[in-house]
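Please look over the structure shown here before reading the report that follows.

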Number of protein chains: 2
Amino acid sequence: MSKWQSERSIHEMLKDTPPLRDSSDSITSGTEAKFPTSRSMPFPSSYATPDLTQNGATATSTLIKSGSTKLDHFKNWSVSTYKCTKQLLYEKLGKSSRTVDTELEAQIEMLRETQRKYSNILRLSTLLATQLSAAATTQRALGEGFAELAQKSPELQNQFLYNADTQRSLTRNGETLLAALHFFNNALNTLVNKSMEDTLLTIRHYEAARVEYDAYRSEIEAGGGVPDSLVHSIDKQRRQYERLRDDSAVKLNLLHENRVKVMNKQLLLFHNAISAYFSGNNVALEAAVRHFSVPGAAPAPAPADQTHQ
Amino acid sequence: MSKWQSERSIHEMLKDTPPLRDSSDSITSGTEAKFPTSRSMPFPSSYATPDLTQNGATATSTLIKSGSTKLDHFKNWSVSTYKCTKQLLYEKLGKSSRTVDTELEAQIEMLRETQRKYSNILRLSTLLATQLSAAATTQRALGEGFAELAQKSPELQNQFLYNADTQRSLTRNGETLLAALHFFNNALNTLVNKSMEDTLLTIRHYEAARVEYDAYRSEIEAGGGVPDSLVHSIDKQRRQYERLRDDSAVKLNLLHENRVKVMNKQLLLFHNAISAYFSGNNVALEAAVRHFSVPGAAPAPAPADQTHQ
């Protein structure tokens with residue numbers, strides 16, 4: 001879908017837009033309204049015109065009112081969009097080289113895969129919490145049913161009592177386990193949908209800057225006289241690209257440290273809580289929950305309370 | 001609902017049926033088609049006309065064809081139905097006495113209450129089996145997810161491996177637990193919906209025979225000349241009532257023994273299986289399942305197999 005959109009945009013672009021040398025003249029004649037508004041590749045915010053909405057006509061009228069600064073801004077953005085789209089098309093056709101930072105790109109690919117896998121774990125552990133919560137509700141009702149039958153069935157009193165006690169104790173421990181699972185799910189959700197997303201946003205900006213830089217670079221490599229303005233532009237693009245590349249690398253490293261720290265803690269909590277619950281060790285379960293400062297976990301009941309109940 | 005139906009039947013009956021002395025004449029005139037077909041109280045099969053279907057017209061034509069035997073049969077049934085309905089109405093209004101076997105009626109009331117309570121336990125334990133089965137499916141997927149991440153994350157390999165192992169072991173034990181729960185549910189279902197229902201059917205026949213006997217008794221007590229045929233009838237009704245009362249008492253005792261035996265075994269299985277599963281004691285879980293000859297339980301895997309996997 002994304003690929004198809006991208007290629008369609010390129011064809012429209014090549015059809016609707018006059019050659020590069022003429023573009024500065026034709027911009028003001030209103031062709032900008034025909035520019036496709038759906039792009040598969042996001043561009044750095046500095047290259048986006050804030051007033052360009054999906055309604056090209058409105059955008060045009062706003063532009064005319066706000067004078068030459070915005071027009072220049074829009075002109076730059078259009079030239080840049082055209083160049084970048086051409087560059088992407090040429091890269092796909094193998095007609096143009098691309099700047100590659102192998103190590104960084106491998107890290108980025110790994111982050112995207114990690115995000116997919118962690119999302120899957122988050123989906124499953126959220127589902128598990130829902131299912132165990134429903135089972136705990138049933139077990140509470142079963143405990144009450146057994147307790148009632150124990151009172152009314154002297155012939156099977158002990159058998160019903162044992163079962164009532166077991167179900168009640170499981171229900172109590174179930175609440176502590178669910179508090180631990182919710183804590184795990186919240187932490188994993190923050191990691192996957194906030195921390196990772198934040199780094200991936202910087203990475204998307206970096207990827208756009210890389211294309212833009214390569215577009216200018218290809219233009220120079222295509223030969224012919226290189227005007228001073230283009231030399232100035234390519235320097236600016238290179239600096240922008242390098243800045244975002246470094247930002248991405250820093251964020252990736254910080255994210256890696258954060259992820260390992262968070263997951264180390266959360267996987268231990270998950271394991272300890274699940275193991276303790278499913279081995280009937282309520283002391284260990286409550287210890288795990290207290291150790292990880294899980295909020296909302298039921299405090300351990302005082303032994304005196306249990307006696308009075 | 002049942003009470004309302006019963007009262008409505010009585011009113012219709014009193015409206016549609018001529019007085020007792022005239023009933024033998026009017027039967028052949030076709031009023032039988034107006035007899036209400038929905039009754040809240042079942043009568044012994046010996047008093048039911050086999051050909052009386054919900055479609056009164058069909059029933060009438062069948063009756064005319066099959067001659068006087070069936071007509072007599074139907075006549076008796078109609079008289080009997082009228083008498084019994086009158087008796088039930090008079091009992092409700094306090095105008096007629098009823099034969100009471102206090103001990104038996106207390107046992108019957110207790111059986112009905114036990115059936116309701118056991119049905120509730122069956123509903124909850126069936127629901128629990130469904131919920132734990134769903135949780136086991138999620139745990140299997142979680143185990144696979146953790147195992148995959150353990151391979152791809154050297155920095156968190158152990159943490160993922162611990163969790164993968166725990167989830168896998170819980171899934172395996174979960175299958176054994178589910179086999180035990182299904183076994184419990186099947187046994188409870190047979191007890192509640194077959195054994196108890198069978199006894200309750202005899203009890204419903206007994207209750208109908210009691211009403212019929214009381215109806216004849218009330219007629220004699222109402223005074224006036226007692227014809228020999230009525231004396232003969234009341235003897236027959238009394239014997240029928242006593243036979244069904246004894247049958248009910250015997251069945252109630254047999255059911256009690258059967259219920260205590262079945263529940264003793266099943267409550268022990270339920271408790272042992274649940275306790276073993278939720279204390280992570282898979283040896284005890286499998287022992288419980290084997291001890292109670294639960295079919296479909298996964299056999300304990302040979303240690304050699306585990307080593308090879």
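## Cysteines

A disulfide is counted here when a pair of cysteine sulfur atoms lies within 2.5 Å, and by that rule the structure holds zero disulfides over all chains. Buried means under 20% relative accessible area, exposed over 50% and partly exposed in between, with a 1.4 Å probe and protein chains only. Cys84(A) is buried, at a relative accessible area of 0%, and Cys84(B) is likewise counted as buried at 0%.

## Basis of the model

This is a predicted model, in which local features need pLDDT of at least 70 and side-chain atom pairs count only at pLDDT 80 or more, whereas totals for chains, interfaces and linings use all residues. Residues are numbered from 1 along each chain as its sequence is written, chains are lettered from A and ligands numbered from 1 in the order in which they are written, and side-chain values use heavy atoms, leaving out hydrogens and water.

## Interface of chains A and B

With contact taken as heavy atoms within 4.5 Å, 44 residues from chain A and 44 residues from chain B take part. The two chains bury about 4,000 Å² between them, 72% of it on carbon and sulfur atoms; buried area is the accessible area (1.4 Å probe) that two parts lose on being put together, summed over both.

Six salt bridges are found across this interface, each a side-chain nitrogen of Lys or Arg within 4 Å of a carboxyl oxygen of Asp or Glu. One of the salt bridges in the model joins Lys152(B) to Glu113(A), with the closest N and O atoms 3.2 Å apart.
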